[in-house]
Amino acid sequence: MQAAPDSGNSLEEYLEIRNPHATAVDLSGWQLRGDVTLELAAGTTLAAGDSLYLTPDVATFRQRANGPSGGQGLFVQG
């Protein structure tokens with residue numbers, strides 16, 4: 001799910017990866033390619049039933065006026 005923020009600030013955009021399964025998933029070395037290129041760091045593990053938010057700028061993402069945003073205990077990487 002990619003979300004364009006109401007603010008129009010592209011640094012607030014994100015991609016959410018969900019793990020609907022009952023076991024954790026090791027995302028080490030997974031890559032995104034396209035408009036955004038990103039490789040997840042070694043040791044990145046997504047817990048069962050949890051979500052990971054990928055964003056171009058973590059600090060800006062956390063300051064979003066509308067959720068998801070900071071203060072919600074989210075797993076965020078940039």
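## Basis of the model

The model is predicted, so local features need pLDDT of at least 70 and side-chain atom pairs count only at pLDDT 80 or more, while totals for chains, interfaces and linings use all residues. Residues are numbered from 1 along each chain as its sequence is written, and side-chain values use heavy atoms, with hydrogens and water left out.

## Overall fold

The protein has one helix and eight strands, where helices (H or I, at least four residues) and strands (E, at least two) are DSSP runs numbered from the N terminus. Read from the N terminus, the order of these elements is β-β-β-β-β-β-β-α-β. Of the 78 residues, 31% are buried, a term that stands for under 20% relative accessible area with a 1.4 Å probe, counting protein chains only.

## A residue in the helix

T60 lies in helix α1, which covers residues 58–62, and T60 counts as buried because its relative accessible area is 18%. Apart from neighbours within four places in sequence, T60 is in contact (heavy atoms within 4.5 Å) with N9, L11 and E12.

## Aromatic rings

Rings of Phe, Tyr and Trp (its six-membered ring) pair if their centres lie within 6.5 Å, and planes under 30 degrees apart count as stacked, over 60 as edge-to-face and the rest as tilted. By this rule there are three aromatic pairs. One of them joins Y53 and F61, and this pair is tilted because the ring centres are 6.0 Å apart and the planes stand at 35 degrees.

Y53 is buried at 10% relative accessibility, and F61 is buried at 0%. Ring pairs link Y14, Y53 and F61 into a cluster.

How values were computed. Buried means under 20% relative accessible area, exposed over 50%, partly exposed in between (1.4 Å probe, protein chains only).
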